[in-house]
Amino acid sequence: MEDKKNYTGPLMIALQYNDLFDLDSISTSTDTDALPNGRAFTFIKAVQTVNERLVEQNKSDCLLFEVILISKECSEEIKMKVDESVKHYGLEIGKFFFCKKEELINTLQSNKVKLFLSTERDDVYEALHTGIPAALLYDQADDHVLNQLKVIFSGDVIGFSEDSLDGLSEFGFSETQIETIKTAKICMKEFAVLIGQMRRRFGQENSPLCTCVLTSWGSRNVCASALKTLREWGLDVDEAFCLAGAPCSPILAVVKPHILWDGGLLNMS
Amino acid sequence: MNKPLMKEMHTFGEQETCNQSSPSKKPTPPKPQNAITIAVSSRALFNMDREQDIYEQQGMEDYLKYQIQHEIEPFAPGPAFPFIKAVEAVNTRLRELYPDSEELFDVVLMTSNHAHVGLRLINSINHYQLFIERFCMTGGNSLIGYLKAYHANLYLSADSLKVREAIEEGIAAATVFSPGKITEVPETQLRVAFDGDAVLFSDESERIYKAHGLDKFFEHEKAHENKPLDHGPLKGFLEALGKLQQKFYAKGQRLDCPIRTYLVTARSAASSGTRALKTLRSWGLETDEALFLAGAPKGPMLEKIRPHIFFDDQMFHVEGAAELGTVAAHVPYGIAQKVQSKTARDVKKDIL
């Protein structure tokens with residue numbers, strides 16, 4: 001059982017460049033322009049706000065976010081544009097990695113990434129399956145204005161017992177899916193502990209960091225179990241939602257998280 | 001991925017947390033679009049007066065500390081509690097008659113309270129064995145988006161500002177006040193009383209009364225007797241109750257129907273009341289009883305009826321009802337809202 005005191009910053013998050021920039025609307029004729037914003041843009045801005053507020057309180061705080069960019073395969077031209085665009089928007093990107101698709105997992109592992117964030121569900125679950133902490137970058141509208149980083153932890157993943165999770169095979173979940181969910185709970189812990197430490201640096205009100213639990217399938221008692229576990233990990237969340245099977249998408253559209261730890265369990269209908 | 005069977009999945013986790021060898025089968029909440037969703041705030045459902053005092057006098061941090069310290073102590077029931085219990089009793093009857101139907105009440109705890117209070121709220125719900133499996137604790141953020149996401153048919157809160165916001169967004173809502181004395185209300189029959197103008201109906205006639213006086217009002221109502229009034233914010237909720245009543249009638253349970261509705265209006269039976277009844281009829285709606293008070297105070301009549309809740313747009317009537325033991329709820333709609341609404345606790349202080 002790892003002592004949570006061994007968890008230290010920086011909190012390194014890996015993004016894929018095609019989430020940060022919108023590559024579908026590139027036209028080759030305008031090659032002096034920076035790439036248009038992608039889905040991760042508001043996320044990066046929110047992360048930068050949190051870092052600014054942390055440093056404001058304590059200049060030598062080493063528990064900060066660090067964002068690195070990973071690209072699966074791209075031309076030299078795109079690589080240059082990515083580099084230019086990052087500078088153009090003043091984004092604080094720690095490192096760039098351009099690697100082949102097959103090397104993605106290795107790259108993440110060797111850089112001890114504390115969270116791999118992607119809009120691609122398959123990439124997220126593949127990473128989780130190999131033990132890399134991974135979560136969904138929630139696909140939200142660009143006009144999300146709050147200067148606040150919002151993280152949702154799945155109450156189902158945390159709150160259901162080990163036996164309950166095994167029993168999910170009766171509901172059509174495959175072995176792989178169940179293993180992914182279980183791994184998600186283990187992977188989530190370090191991230192939750194660090195977020196908890198970060199969260200405590202701010203007061204109840206006016207915090208640039210907001211944490212939530214969302215229980216999609218489980219009962220209120222599963223949600224309570226998740227709240228208690230997160231508290232043991234050092235995180236008392238700000239918001240809590242229990243859906244008991246109601247569709248998730250309308251609720252997520254109001255919560256508007258950046259980071260969504262669902263482990264593959266969410267009811268997205 | 002195959003979509004899991006929601007029905008069983010919901011109770012699945014329960015088997016583990018209950019530690020029972022033969023777990024009791026808890027029914028599954030219906031899909032929001034099929035159900036009649038009642039959103040209730042934490043302070044309407046439970047009594048949080050002491051905690052609210054701490055919040056107002058000592059601030060957020062002390063308030064949350066207090067809540068966490070007292071986490072295993074369930075809250076005492078709040079003003080909307082008997083209403084919610086009665087709603088659940090109706091659901092039990094509906095499930096007996098229509099085991100596969102999703103046309104049921106669904107109660108959602110909808111609060112801007114902080115999730116730090118979450119465990120205490122869940123413990124309290126468990127303590128009273130309420131059937132509330134859905135909640136939103138938004139940590140201070142607006143509830144409007146969530147009310148819409150849940151298709152809330154009615155929102156009850158102790159916070160008049162939130163209720164006003166909801167009404168302005170077209171959501172049926174009311175500020176619940178605690179009665180000045182405890183009244184025994186029926187456990188097996190849900191009784192809901194409505195004022196007419198600016199609650200079930202629009203405030204068009206009230207405007208005439210306020211601008212031109214009683215005589216003009218009577219004249220106008222007589223002249224327009226056959227023209228239905230426009231609808232008010234709670235018409236939809238009466239309609240929803242009517243739909244559920246029909247389900248009982250269809251099974252031959254008209255006489256002991258577990259839902260009973262009342263119109264309690266200042267209009268008079270002899271004259272202006274006609275337009276009210278004709279309007280309801282034109283909408284295909286009815287109330288089980290219609291009480292025309294011709295301007296007399298509503299408190300004593302409501303004391304006799306013993307409803308679980310009474311909706312009115314005028315604080316004068318809300319206070320009058322509460323004084324005599326009725327859980328009264330203010331609907332901040334229409335011309336009567338010129339004066340700043342009192343908070344629920346101000347009213348309580350006035351009454352007690």
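**Exercise 1. Describe the extent of the contact between chain B and chain A in this predicted model.**

Solution. Begin with the residues that take part: chain B contributes 45 residues to the contact, and chain A contributes 44 residues. Next, consider the area. The size of an interface is often given as the accessible area lost when the parts come together. For chain B and chain A, the buried area is about 4,000 Å², with 62% of it on carbon and sulfur atoms.

**Exercise 2. Determine how many salt bridges and polar contacts cross the interface of chain B and chain A.**

Solution. The salt bridges come first: the rule finds two across this interface. In one salt bridge, the side chain of E71(B) meets that of R231(A), at 2.8 Å from N to O.

**Exercise 3. State how strand 5 of chain B pairs with a strand of chain A.**

Solution. The partner is strand 8 (residues 239-242) of chain A, and the two strands pair in the antiparallel sense over three bridges. At the level of residues, A240(A) has M137(B), in strand 5 of chain B, as its bridge partner.

**Exercise 4. Locate K87(A) and D83(A), and describe the link between them.**

Solution. Both residues belong to helix 3 (residues 76-88) of chain A, where they are four residues apart, about one turn of the helix. K87(A) and D83(A) form a salt bridge whose closest N and O atoms are 3.0 Å apart. Over all chains, the structure holds 33 salt bridges.

**Exercise 5. Report the confidence of the model, and find stretches of chain B where the pLDDT is below 50.**

Solution. For the model, the scores are ipTM 0.91 and pTM 0.91. Chain B has a mean pLDDT of 90, and 89% of its residues reach 70 or more. The pLDDT is below 50 over residues 1-8 of chain B, a stretch with 19 contacts in the model beyond near neighbours in sequence. Residues 15-24 of chain B also have pLDDT below 50, and this stretch has six such contacts.

Methods:
Residues numbered from 1 in each chain as written. Chains lettered and ligands numbered in written order. Predicted model: local features only at pLDDT ≥ 70, side-chain atom pairs only at ≥ 80, totals over all residues. Heavy atoms only, no water. Contact = heavy atoms within 4.5 Å. Buried area = accessible area lost by both parts, 1.4 Å probe. Salt bridge = Lys/Arg side-chain N within 4 Å of Asp/Glu carboxyl O. Polar contact = N/O pair within 3.5 Å; in protein donor to acceptor, adjacent residues only side chain to side chain. Pairing = 2+ DSSP bridges. pLDDT = per-residue confidence, 0-100.
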